[in-house]
Amino acid sequence: MTNPARVLVRAHQLRKDYGHGEALVRAVDDVDLEVVNGEALAVMGPSGCGKSTLLHLLGGLDRPTSGELWLGKRRIDQLSEQALAELRRQDVGFVFQAFHLMEELTAQENVELPALLAGRSPRQARRRARQILDQVGLADRGGHLPSALSGGQRQRVAIARALVNEPRLILADEPTGNLDSAATLGVLQLFETLHAGGLTLVIVTHDERIAATADRLVTMRDGTLVDETGLVGGTARRG
Amino acid sequence: MGKLVVIWRLATKDLFHAKTRTMLTVTVIAAATATLTLGLALSGATSDPYAHTRAATAGPDVMVQSNVPANGKEAPTAAPPDLIALEHAPGVVGYSGPYPVATPSLVANGHTVASQAGGFVVEGREQTRALVDQPKVLEGTWVRPGAVVVESTYATELGVVPGDSIMLDGHSFRVAGVAVTAAWPSVNWPGILWLTEADARSLATPKYPLSYLLNLKLTNPAAATAFANAHSTNNLSAFSWQQISHQDARGIELEQEALVIGTWLLSMLAIACIAVLVAGRMAEQARRSGLLKAVGGTPRLVAAVLLTGHLLVAFVGALIGLAVGWLVVPVLSKPNDGLIGSPGAPTLSGATVAVVMAVAIGIAAVSTFRPARRAARMSTVAALADAPRSPRRRPVIVALSRWLPAPLLLGARLVARRPRRLLLAVASTAVTVATVVAVLAFWQGNSVSGVPGGLTNPVVMAVSNVLVVVTVVLVILAAVNAAFMAWATVLETRHSCAVARAFGATPEQVTFGLSAAQVLPSAIGALAGVPAGIGFYHLAKHGGAFVSPSVLSLAATLVATLLVIAALTAIPAALAGRRPVSEVLQSEVA
Ligand SMILES: Nc1ncnc2c1ncn2[C@@H]1O[C@H](COP(=O)(O)OP(=O)(O)OP(=O)(O)O)[C@@H](O)[C@H]1O
Ligand SMILES: [Mg+2]
């Protein structure tokens with residue numbers, strides 16, 4: 001059992017069902033999981049095993065059918081949609097395989113958006129967005145529309161957007177799934193830097209290389225966690 | 001044969017697949033065709049009722065009335081000499097009168113009307129036939145001592161029938177009959193009662209003395225207006241039959257004008273609405289067409305499928321529209337009682353049905369043309385890959401909206417992606433508010449200058465009915481339009497909304513933002529609709545005193561409009577907001 005004070009995410013008997021009766025799909029099946037502060041956790045498993053669903057539950061994008069979910073000292077599985085939105089705004093940052101950037105907004109504007117939603121002044125939001133874009137190596141691309149960026153650059157913009165409100169937890173769903181190996185490497189290095197800076201990461205991936213950089217790897221099958229490995233090669237845990 | 005089955009199956013499947021859209025399109029076409037039906041049916045029913053009445057009653061070419069002398073002067077006990085002199089003026093070939101005209105007060109059916117206020121006049125007549133202006137009795141009999149004949153429009157207004165009784169200056173008179181005349185306008189004018197000459201004279205008082213009325217036949221009826229103008233003096237007021245006829249026709253003209261204008265507005269709204277519907281489906285249809293072509297369909301097959309779908313919708317819409325029009329026509333066209341030969345209930349002729357169907361089919365053909373051409377020209381691969389039109393970047397809106405609160409920031413950006421649709425929404429609101437304001441102005445204008453004694457002029461009622469029906473249809477169409485546009489906006493911005501929510505926007509913020517971003521521009525449209533509606537009304541009534549609905553009713557109209565738009569835009573957004581974000585993001589790749 002991990003020191004409770006250090007646990008950032010705790011899932012207990014977490015379950016998510018889709019549909020009813022014959023068509024019932026148990027996408028997440030009684031999952032117990034703890035992620036400690038500063039940890040990088042990789043989630044792997046075959047397609048359709050429930051990885052994305054689990055990630056969405058952890059970040060409050062969807063509500064579990066049953067079970068308990070804690071973020072820090074706060075129980076979040078029963079929160080209202082309003083409260084979940086605030087949670088996503090303040091505490092969690094998402095990175096998606098499909099980037100999900102807004103096509104009509106420039107990189108800079110995409111990154112600014114969560115900051116503006118969080119009530120920062122436009123000036124603060126702009127400054128913060130510049131700073132983060134610089135951090136992900138896209139200082140000179142702020143004025144570009146997503147359509148004018150490469151896949152790797154788009155994903156770095158998406159990561160910058162996830163970071164703009166300084167969340168406690170980054171959830172990434174196959175962040176390199178749409179990228180070639182060079183671009184994958186860039187994103188990988190970025191995650192490592194973030195991790196080294198103390199950020200907690202949960203990354204769903206099919207990519208062994210990404211998994212190898214994590215502190216810990218869990219494997220899912222049919223909605224359950226089947227296997228848990230502490231990876232030797234992982235970056236040192238921080239507390 | 002097999003091909004026909006395929007076309008039919010594909011077309012109907014598509015319609016059922018996009019149920020809401022199909023229903024909306026049917027509604028829009030039905031509304032447009034219903035109004036068109038009304039317009040055609042009513043305009044087909046124009047006869048010249050005044051001419052019929054004039055012929056049947058030996059109507060005068062000129063009617064001359066002596067004015068009651070101003071206070072202080074002694075009232076004449078007989079017709080003034082200058083009036084009598086007209087009996088043999090050059091150009092006069094016949095006359096009747098002079099008849100005494102009294103202005104008593106009246107109590108009938110609980111209504112109390114002071115004739116002095118211009119509510120009606122009492123004309124004293126011989127019991128025998130007059131050469132000029134012998135009112136035609138429609139019901140009952142002509143005047144006899146102690147009995148009154150009431151002009152038909154006024155009888156309707158008072159709600160009296162032969163056998164009832166009327167009190168004139170406290171004396172009771174039995175209603176002998178109901179008649180029509182061409183010597184007085186039957187609308188927008190005092191009512192007329194006929195008594196025997198003796199009875200009429202008995203109603204004279206020192207305070208309200210008699211005036212006298214002379215009906216003239218001229219050698220040249222066409223020059224009657226010039227004659228009337230030449231013989232109007234301080235003492236005499238003369239009116240030509242053309243002037244009287246003009247007054248009378250106004251009622252029917254107004255009715256038709258209201259309908260014509262209403263039909264125009266409706267058709268514009270309907271076409272705009274259909275344009276939005278079709279444009280909204282283009283991308284989706286291109287993809288379907290690509291799919292069809294990929295499995296071996298020819299461009300012609302694709303076009304046939306599109307056309308079949310649109311034709312079906314147009315046909316069903318037109319049928320409903322015709323049915324509604326057919327039901328409403330009799331309600332609207334209550335004939336003007338004051339004239340014989342006035343239009344009865346217009347019937348739906350075969351021609352009307354044909355025109356309505358042709359218009360509906362035309363709409364279907366036009367709305368098929370662009371998607372069909374596009375589908376035929378586009379390469380199959382491109383059609384398959386065709387994403388919905390990607391949103392245009394609006395740098396100014398994006399930059400400005402940064403300074404807005406979060407909901408408005410989101411709303412402004414999302415709604416600004418489709419400026420044409422927004423413009424249409426604004427225009428639709430403006431047109432609707434303008435119509436409502438014009439109707440309010442009409443009511444205001446006709447209650448201020450209306451008939452004294454709290455009675456309602458039947459013609460005003462008829463016009464009012466037409467206006468109400470047109471307005472109701474217009475409001476329904478505008479609401480459908482607003483609902484559809486809001487719904488399309490929600491569908492299109494679904495992905496962006498989900499992304500915004502993934503990064504912390506609440507569903508309430510998204511809903512409020514989307515709704516506000518559509519309500520605020522509509523508010524401008526609504527405001528613009530107020531002067532437009534007042535202008536509209538004055539245009540339709542060809543000048544006259546300025547009339548404006550009360551500030552209260554205008555404010556109520558604006559508030560109600562904006563509340564309805566707010567609800568119509570908020571509901572689809574709120575419904576969409578109930579879907580979990582993850583589901584939207586999973587199912588849609590940006
Ligand atoms: N909205 C939904 N309705 C019904 N079933 C769903 C829904 N979303 C996901 N599922 C089902 O839940 C299961 C888990 O889906 P999930 O997307 O979490 O898998 P995954 O592990 O992320 O797969 P992949 O690696 O392919 O992304 C699948 O069987 C899927 O069909
Ligand atoms: Mg997945």
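The model is predicted, so local features need pLDDT of at least 70 and side-chain atom pairs count only at pLDDT 80 or more, while totals for chains, interfaces and linings use all residues. Residues are numbered from 1 along each chain as its sequence is written, chains are lettered from A and ligands numbered from 1 in the order in which they are written, and side-chain values use heavy atoms, with hydrogens and water left out.

Helices (H or I, at least four residues) and strands (E, at least two) are DSSP runs numbered from the N terminus, and two strands pair if DSSP finds at least two bridges between them. Now look inside the sheet: strand 1 (residues 7–18) of chain A is joined to strand 4 (residues 66–71) of chain A by 5 bridges. Opposite Ala11(A) you will find Leu69(A), in strand 4 of chain A.

Ligand 1 itself lies between chains A and B. Of the 14 residues around the ligand, Ser47(A), Gly48(A), Lys51(A), Ser52(A) and Thr53(A) come nearest; a residue is near if one of its heavy atoms lies within 4 Å.

Which side chain has an N or O atom 2.6 Å from an oxygen atom of ligand 1? That side chain belongs to Ser52(A). For Cys49(A), a backbone N or O atom lies 3.2 Å from a ligand oxygen atom. Taken alone, ligand 1 exposes 630 Å², and the protein buries 65% of that; these areas come from the Shrake-Rupley method with a 1.4 Å probe.

Finally, turn to chain B, where Asn215(B) sits in strand 11 (residues 211–218). Asn215(B) counts as buried because its relative accessibility is 0%, and buried means under 20% relative accessible area (1.4 Å probe, protein chains only). Leaving out residues up to four places away in sequence, Asn215(B) touches several residues, including Pro60(B), Tyr95(B) and Arg125(B), where contact means heavy atoms within 4.5 Å.

Technical notes: Buried < 20%, exposed > 50% of the residue type's maximum accessible area, 1.4 Å probe, protein only. Polar contact = N/O pair within 3.5 Å; in protein donor to acceptor, adjacent residues only side chain to side chain.
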